Amino acid sequence: MSKTKILAIETSCDETSAAVVEDGERVLSNVVASQIKSHQRFGGVVPEIASRHHVEQITFIVQEAMEEAGVTYEELDAVAVTEGPGLVGALLIGVSTAKAIAFAHGLPLIPVNHIAGHIYANRLIQPLQFPLMALVVSGGHTELVYMEEDGNFEVIGETRDDAAGEAYDKIGRVLGVPYPGGKHIDEMAHQGEDTFDFPRAMIQEDNYDFSFSGVKSSFINTVHNANQKGETLDQHDLAASFQASVVDVLVDKTVRAVKEKQVKQLLLAGGVAANKGLRTALKHAVETELDGVELVIPPLSLCGDNAAMIGAAAHVEYKKGHKADYSLNARPGLSL
């Protein structure tokens, strides 16, 4: 039986990526060009700069992905692309490229939700077992997603304000660490102690929603008050206290959701899935509180934005016969 090969393209934010994925689970290539250095001096992603970089890189990245995979366009079964959510200008570069390739080679065009891609990155590690729960934690999204079967997403909890990743970046600016702040704060947190006891917002509420605006504000006020008094606070303790607040809420609500839904697997997904503190805390919680539940965490290379995860999610849509025509457009506000 021939295997399904899909060329996938991802340009939702500040990574230009193309990959070739076989049967939604085997990565033949996964090329990623990061723009972090271009955005660092601004302390965050500048949409116009991101779009220009995508225009400059996309053709070369697709060519490299095809060459690395060792396949021709005639051997492909479909072209997949992130249609949203993301930055509209950045998304348009990927969508336009995918449409051009699909038209030129007579291939089906498969639109993919970026968040679904993060979830399906775990399928590149091992088979998914349903029902499952996915904790999606990225720069712009914090969601608990329940899945009864392939391609079926039920968002049972989400952030009401700042996503966890956004809070990390804003705290990073206060601490003076380079963008993106998450990695640096995580490293600092392992050298400090939770001495400030920042609030664990909504942890006692009878729902699965999140809020990280409060801990961000508490952190900023603590630092500003100390500066006004001429006091020096331990930055490692500040980082550890902030991270403990975020991780405690994420893990507590996730554990409760897993128990209620009685799932077989718990998936961690998104850029913040690379956070060592979160990974460690989640592993401990599963081992001590969730008997019989398998925890799946993608390697660091699949936590950030990449096209291989889009290819994995696209295979599900391909099997269901879901495809788009050439009127496909970017959908920056797309939800699961």
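Helix α3 (residues 88–105) lies across β1, β4 and β5 and runs at about 160° to β4, where helices (H or I, at least four residues) and strands (E, at least two) are DSSP runs numbered from the N terminus, and angles run from 0 to 180 degrees between N-to-C directions of axes, which are lines fitted to C-alpha atoms, for helices over the stretch in contact. Helix α10 also packs on the sheet, touching β1, β2, β3, β4 and β5, and its direction makes about 130° with that of β1; contact here means heavy atoms within 4.5 Å. This is a predicted model, in which local features need pLDDT of at least 70 and side-chain atom pairs count only at pLDDT 80 or more, while totals for chains, interfaces and linings use all residues. Residues are numbered from 1 along each chain as its sequence is written, and side-chain values use heavy atoms, with hydrogens and water left out.

**The sheet**

- Five strands form an open sheet in the order β3-β2-β1-β4-β5, with mixed pairing, and two strands are said to pair if DSSP finds at least two bridges between them.
- The edges are taken by β3 (26–34) and β5 (109–113), each of which has a single partner strand, so one side of each is left without a neighbour in the sheet.
- On average, and with direction ignored, neighbouring strands of this sheet are turned by 20° against each other.
- Strands β2 and β3 pair in the antiparallel sense over eight bridges, and E22 stands opposite R26 in β3.

**Strand β1**

- Strand β1 (residues 5–10) is largely enclosed by the rest of the structure, because six of its six residues are buried, a term that means under 20% relative accessible area, with exposed meaning over 50% and partly exposed in between (1.4 Å probe, protein chains only).
- Both faces of β1 are covered, with K5, L7 and I9 buried on one side and I6, A8 and E10 buried on the other.
- With strand β2 (residues 15–22), β1 pairs in the antiparallel sense over six bridges, forming a hairpin with four residues between the two strands, and I9 stands opposite A18 in β2.
- With strand β4 (residues 78–84), β1 pairs in the parallel sense over four bridges, and I6 stands opposite A78 in β4.

**H315 in helix α10**

- H315 lies in helix α10 (residues 307–319) and counts as buried at 6% relative accessibility.
- Not counting residues up to four places away in sequence, H315 touches T4, I6, D23, G24 and R123.
- The side chain of H315 makes a polar contact with the side chain of R123 (3.5 Å), where a polar contact is a pair of N or O atoms within 3.5 Å, of which, within protein, one must be able to donate a hydrogen and the other to accept it, and residues adjacent in sequence count only if both atoms are side-chain atoms.
- A polar atom of the H315 side chain also lies 3.5 Å from the backbone oxygen of D23.

**D161 and its surroundings**

- D161 lies in the loop between β8 (154–158) and α5, and it is partly exposed, with a relative accessible area of 33%.
- Not counting residues up to four places away in sequence, D161 touches E166, S211, F212 and S213, and its side chain reaches the backbone nitrogen of S213 at 3.1 Å.
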